[in-house]
Amino acid sequence: MTRHNPPGRAPPGIADRGAGGDVQGRSPQGVEHSLGGVQLRPPARSTPEETPQRGTDPKAPHPPTTAPRPKSPHPRPEPPKEASPVTPRPPSRKSSEAPTEAQAPQPPAPAKTAKTASTAGTAKTAKATKSAAKTAKTAKTAKPPKTAQTAKSPTARATTPRRRTGVSTAEPLDAGTRGRLLAGAHHDPHSVLGAHPGPDGVTFRVLRPYAQAVAVVTEGTGRAKETRLQLNDDGDGLFSGVLPLRSVPEYTLRVTYDGSEQEMRDPYRFLPAIGEVDLYLIGEGRHEELWRALGAEPMTHEGVDGTRFTVWAPNAQGVRLAGDFNYWDGAGLPMRSLGASGVWELFVPGIGEGTRYKFEITQPDGGHTLRADPMARRTEVPPDTASIVTASHHVWRDEEWMAHRADHPVHEAPFSVYEVHLPSWRPGLTYRELAEQLPSYVADLGFTHVELMPVAEHPFGGSWGYQITGFYAPTARLGTPDDFRHLVDALHRAGIGVIVDWVPAHFPKDDWALARFDGTPLYEHPDPRRAEHPDWGTLEFDYGRTEVRNFLVANATYWCEEFHIDGLRVDAVASMLYLDYSREGGDWAPNEYGGRENFDAVGFLQEMNATVYRRCPGVVTIAEESTAWEGVTRPTDHGGLGFGLKWNMGWMHDSLVYVSKEPVHRKYHHNEMTFSMVYAYSENYVLPISHDEVVHGKQALVSKMPGDWWQRRANHRAYLGFMWAHPGKQLLFMGQEFAQGAEWSEAHGPEWWLLDDTYHSAGDHRGVRDLVRDLNQVYAATPALWERDTVPEGFAWVDGGAAEDNVFSFMRFDAQGSPLLAVSNFSPVVRHDYRLGVMDDIPAWTEILNTDAARYGGSDVHNPEPLKPESTGAHGRPASVQLTLPPLATVWLRPA
């Protein structure tokens, strides 16, 4: 009788790393087997009484019954009480962690006699068994001499092979092949393991460390029943035998551990599950859907369900697969190298979604390292680090959004971004719970997009996601990849675009991740002067290596295609572009022309942008680039980097310097607010007030402002009004929309209690939030504020030189020439009858937004009636209007 593992239970009869003890329940001797028309009649053998069993000699010391168990890379509960005195139980599993066909240890079975263990089951075989046993009593077998090895070695079983009758002996492996296979350094284990036809029959060879016996079970045809033949034990977990067959039959393996069996398919009977075209494209660095070729892919291969595992490790001596299915011991699952591609592959039957795994890599120096999958699409929740087999089952419902997102170029459309750190926006919420709250909140405030700080998996939460180890996996802290898809889907159905921060500039040095992945600098540059990032203690990618560049380019398209992401904000672009970034003289190596430009990074960014824009219409890429590098948003075919937008770090820095000054001193810094217009059309800009500006002692936006609480809020509101009217798109970090006074902390997120009815100043914060809502609504309805953001025709100063007044006034124009007049007064005084020059063909101007309105918490100084132009010219225009400027406020007017 064959016992199978019960679903959801750990096999209780063996320790993680193997067990000793003799094999119980062998097939009866002398049984005739019919296989492929050939009668196999095992020779007679001595009886158990006449053949000393290993470990039964009272004079010989007993070898240990279990191999030493190495420390697992993942904590497991203490093993339960042992079921037998010979082999301890392995740790129990959760119900969701059912053993698979690849799993080694099995549940114990009752001790079997020769009669009950037989699979022949006919009267003829029983009679043959009895006859063979009787004959065997006449045969005497000499007791093998006791050697030092059998007396002392804890692996005596492995060095004392036993031969099974009914199967011809296979030609032994040469010492070199055997050693490489057992050391995890064989490049092609499929050439040794599995079934291989030859002149004398089919050779079967199986590597099952800690197994007591392995049998080959062939499928019957017609009236013939299945046939089971026991393989010979070659020691060290190797089992082999030759069956007199002309071709390889359909077969399974039955592996015995501590007296109990499990039937499984042989992973080494399958052809590679990855195609030649995939391997060619990987070698060329041009596989734009790399995630479909590398990593763990559940699939049906040659009619069998399982998972294909592939990993790029070109310098490894060997790669083995370890996971919760074999107790993190990869000795029994070596992978094969697929030629010069550097890819290692293994299809494992019976493994499916939810399985945890890693790759055990034999390095060039012979050392071993256990690594997470660089292409893992799902991971454990940090601090655990294993990769998880996954497949998507999400059904998208954002067809309308996807169909129309490319209707208008982003630089000619409204684009107002709310930046969010998902784990701390509402601490404790999952992706699915966020999907119930975030879309409605953002839509109510009128933002067109959210920008999510990095969602890719990262081990240290304090990095905010900017030190990534799982580039293809959304962080498991908030749920599964499909849960993240659900959040994006919900945002799209609410009319909100989704941008994610993407970090191809560097990665951390964790020894289970990308750093020296196969024992050599693989993803990082081999020159330490170009590999080490001095600011963050991380490693920079080797952008000149085609496979590494492919890994990153495919990653960009992966997020856009698999998760329907609408934009990628590329972090730390400047650190990629300059070889001397944050490095002192002598600490960097110049390029081939003696300069400091990193041409490999330039080529990578151009390829990434060109690929994303070609494959994903409507997606925008945004550069966080803080220098004056020319052509960041210029198309690649014109020599640019090819980004759609660039953060205007200069505007952000200069404008914050200005508003942080006391009003009496601002006239000396007037140019800080006007200089941005000197270069405003050199790139397509986003004006960012991001997370970086409200942490690490920089203070929240409202707290940067001078004066008392009323003045700080007024400055805050006036600044937002100026920002929304300035050429460029807008980005505002969470918490700043309601004037949170404290710096942001990833531990507790925005201070939502400031909006609670029980807080005495809640109205002040709600007023600022109401302003942000109105800014976005008026902005979206006014093409002059976004339609010509990137061309000079969309902007004109009215008076950019009123430094003594702390006033800035300018016009914005839409494609038809319709204007909007924006005036900002950064002085705490009311300015009556303030004259501004306007065109003479507009009969009247009406105020459409005033940041000093009472509902925003202001003093409610405004212009209630339409303003009619006078014939008095001013500021180079033929007409002018006189208006009242509220204190510390911005006013927008448009033709009545």
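**Figure 1. Contact range and overall composition of the predicted model.** Among contacts (heavy atoms within 4.5 Å) between residues at least 6 apart in sequence, 74% join residues at least 24 apart. This is a predicted model, in which local features need pLDDT of at least 70 and side-chain atom pairs count only at pLDDT 80 or more, while totals for chains, interfaces and linings use all residues. Residues are numbered from 1 along each chain as its sequence is written, and side-chain values use heavy atoms, with hydrogens and water left out. The protein contains 18 helices and 38 strands, taken as DSSP runs numbered from the N terminus (helices H or I, at least four residues; strands E, at least two). Of its 896 residues, 58% count as buried, where buried means under 20% relative accessible area, exposed over 50% and partly exposed in between (1.4 Å probe, protein chains only).

**Figure 2. The largest nonpolar core, with Leu422 and Phe484.** A nonpolar core is a set of buried Ala, Val, Leu, Ile, Met, Phe, Trp, Tyr and Cys residues joined through side-chain atoms within 4.5 Å. The largest such core has 172 residues, of which Leu422 and Phe484 touch the most other members. Helix H11 supplies the largest share of this core, nine residues. Beyond its neighbours within four places in sequence, Leu422 is in contact with Tyr431, Leu434, Leu438, Leu452, Val455, Leu478, Phe484 and Leu487. Another core, of 21 residues, lies apart from the largest one and includes Val798, Ala802, Ala879 and Leu885.

Figure 3. Strand S32 (residues 795-802) pairs with strand S33 (residues 807-813) in the antiparallel sense over five bridges; two strands pair if DSSP finds at least two bridges between them. Ala802 has Val807 in S33 as its bridge partner. Four residues separate the two strands of the hairpin, and Asn806 in the turn has a positive phi of about 60°.

**Figure 4. The open sheet of S24, S26 and S25.** The three strands follow the order S24-S26-S25, with antiparallel pairing. Strands S24 (506-507) and S25 (532-533) stand at the edges with a single partner strand each, so one side of each lacks a neighbour in the sheet. Two bridges join S25 to S26 (residues 538-540), and Glu532 has Leu539 in S26 as its bridge partner.

**Figure 5. Surroundings of His564.** His564 lies in the loop between helix H11 (546-562) and strand S27 (567-570) and is buried, with a relative accessible area of 13%. Its side chain is joined to that of Asp398 by a polar contact of 2.8 Å. A polar contact is a pair of N or O atoms within 3.5 Å; within protein, one must be able to donate a hydrogen and the other to accept it, and residues adjacent in sequence count only if both atoms are side-chain atoms. Beyond neighbours within four places in sequence, the contacts of His564 include Trp396, Met402, Arg405 and Trp559.

**Figure 6. Surroundings of His186.** His186, in the loop between helix H4 (175-182) and strand S3 (194-198), counts as buried at 5% relative accessibility. The side chain of His186 reaches the backbone nitrogen of Asp188 at 2.9 Å. The C-alpha atoms of His186 and Pro334 are separated by 7.8 Å, although these residues are 148 residues apart along the chain.
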